[in-house]
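Here's a quick briefing to read with the structure open next to you. Have a look at the chains first, then work through the notes.

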Amino acid sequence: MRFLRIRSLLKKYDHLLTIPVIIGALIILFWVITALSIDLWQPYDPLEMVSRRLQPPSTKHLLGTDALGRDVFSRTLHGARHSIPIAMMVVISAVTIGSLLGAVAGYSGKWIDGFVMRLVDVTLAFPPILLAMAVAAALGPGLRNASIAMVVVWWPVYARLMRAQTLEVRERDHVEAAIASGVSRTRLLFVHILPVCWTPVLINATMDFGQAVLLLASLSFIGLGATPPTPEWGAMISEGAKFFYYWWIALGPGVSILLVVLGFNFIGDGLRDYFDPRTSD
Amino acid sequence: MLRYIIRRLLAIPLLVFGVVTICFFLAHNIKGDPLSSLLSFRQLGNPEIVAATKARWGLDKSLPEQYFIYIKNLLAGDFGTSFRTRRPVLEDIADRLPATLELAIVSLVIGSLAGIFLGMLAAYYRNQLIDDGARLFALIGSSMPVFWSGLILLFIFSVKLQILPGPGRLDPVTDIPPYVTGMFTIDSLLAGDIDKFLDAVRHMILPAFVMAWSMMGIISRIVRASMLDVLNQEYILTARSKGARELRVIMNHALRNVMIPTLTIIGFSFAYLITGAVLVETIFSWPGVGYYAVSSTRALDFPAIIGVTIIGATAFLVTNLVTDISYAFANPKIRLGR
């Protein structure tokens, strides 16, 4: 019985489970598991000097050692601990704040709408990287402050998206029926409007996980995110750039970012094609 | 249409004002004391020097006062003085703008042409190996941090293969061409110096390619989708049944209609260009506005950070407006509908 149910479930999502989506999911799964379990199987301590400095890759140190004699492979795997949870936290916070404000704006209209949307307009007037840099610089370096800066940059996208959705859904029959049956405004918003609006937000958010990993790495690369000795991917590439001829220092973190972003993009693409067949073939 | 343009134009000064206000208060709520970027540790211990420096930079006044002075100066075109270079921020930016523009224009041209080409290729060979290959190539470009791809390409082509020069705009031993536009390729051509021109071009290949590659993903995706849409239209069938050659069908009939969505997306890639300028210039030691922004940020030089941000945001707003308007003009459905 149970087996049959899984099969029919698989059949239902047949169009979603394309090869890129499966590859993307496997990549993300690998990194999530690594982030959760790395302490149990790390080859070396990521913060300790374990060998001579600037050693090229060998069987002992798969990705060589960095300028302080730390094992680059262990540091790369540990990087998942920072990039992935922070990217997820940032996107989830941005989605929550943005879509709540957007939904309230679209739903209540009047001055609340005006106020929220002007705030959105001003925030979106900044080129994202410059706003993130300014906010992160004002708050001071560190991963926490970089995350705050990223949420500040990101929430308006979701506010705008959610507002447009809410305006459209508000006119639908089931909402009118709910109003006619006299439900409260809060219930109307949370039970009858928000759940219907989720699809585009979900697709956008999946794509944005990857973008968040990139932005975090960029901020760290500039020197505003992770501070030494944190094994964060962007900061590691920045160290690699200082020791330019020792190419292996930046190799691991760069490939890791590429894989994670690619993985999220594959999944996001798949979700978009699945929910909106117009853009696929 | 006209009303729409006027409304959008009127909004720009208000938005810029909002941007300025946010920037100002960000800069004045910093944890790191701006004085620490102005004075040495020993000087910070001397109250007289601290007081004099505060007075010199206007830091002794109250916050609202400083805000009004800043706005007043901005209106007069004065963005303040950089803590780091001790020069007016606007001059600093103006000096570095040509380098950024030169790189950005070349990147934009390469990125759009390659993106359009890849998108059309993918659409034409839909669901075949070429389609997958083109899409994957574009996607990889936008999934890599540009500062890393730049680093790796620099290592491969400059250090290992030694066929392209290292960072910078010209060979260190060459002196810069006489100033006309500030763009070394144009200036060296104007001076009739072909060798210098080729040197400038060779220095631009890697950074421009890295920036272009990061834009190809989004451009080729839109081109592919709209191309698929267009290729299914009846007038394409008509053109084919008239016996038009395939290349003509694509170039004459299909491409024109694909251009409308492409135009918008190229406008949107301005954000990519700014991100690219900041990160690519840093890794390639390209002395442009992006590199300036990063160095200022690292030094907590707030007048400079705010200046770059305000100018960047204004340029961003104007580009978005131009994109929206040209989109409306290019699309008869919108132009005639309103």
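This is a predicted model: local features need pLDDT of at least 70, side-chain atom pairs count only at pLDDT 80 or more; totals for chains, interfaces and linings use all residues.

For the complex, the predictor reports an ipTM of 0.89 and a pTM of 0.90. Chain A is built from 11 helices and zero strands, and its contact with chain B takes 37 residues from chain A and 44 residues from chain B.

**Confidence in chain B**
- The average pLDDT of chain B is 86, and 95% of the residues come in at 70 or above.
- Within chain B, helix α8(B) has the highest confidence, with a mean of 94, while the lowest belongs to helix α16 (residues 332-337) of chain B, with a mean of 60.

**Chain A overall**
- Going along the sequence, the pattern of chain A is α-α-α-α-α-α-α-α-α-α-α.
- The C-alpha trace of chain A spans about 75 × 55 × 35 Å along its principal axes.
- Chain A has 281 residues, and 48% of them are buried.
- Take the contacts in chain A with a separation of 6 or more: 68% of them are between residues 24 or more positions apart.

**Where the chains touch**
- The contact draws on 44 residues of chain B and 37 residues of chain A.
- On the chain B side, the elements that each give two or more residues are α1 (2-27), α7 (129-143), α8 (146-160), α10 (194-231), α13 (270-283), α14 (289-298) and α15 (302-330) of chain B.
- By residue type, that side of chain B splits into 32 nonpolar, nine polar and three charged.
- Helix α8(B) turns up here as well as in the confidence notes, where it has the highest mean in chain B.

**Local spots in chain B**
- B:Pro172 sits in the loop between α8 and α9 (184-190) of chain B.
- Helix α11 (residues 234-241) of chain B lies largely in the open, because zero of its eight residues are buried.
- After α11(B) comes B:Gly243, which has a positive phi, near 90°.

Conventions: Residues are numbered from 1 along each chain as its sequence is written. Chains are lettered from A and ligands numbered from 1 in the order in which they are written. Helices (H or I, at least four residues) and strands (E, at least two) are DSSP runs, numbered from the N terminus. A residue is buried if 20 or more other C-beta atoms lie within 10 Å of its own, exposed if 12 or fewer, and partly exposed in between; C-beta atoms are placed from the backbone. Two residues are in contact if their C-beta atoms, placed from the backbone, lie within 7 Å. Ala, Val, Leu, Ile, Met, Phe, Trp, Tyr, Cys and Pro count as nonpolar, Asp, Glu, Lys and Arg as charged, and the others, Gly among them, as polar. pLDDT is the predictor's confidence in each residue, from 0 to 100.
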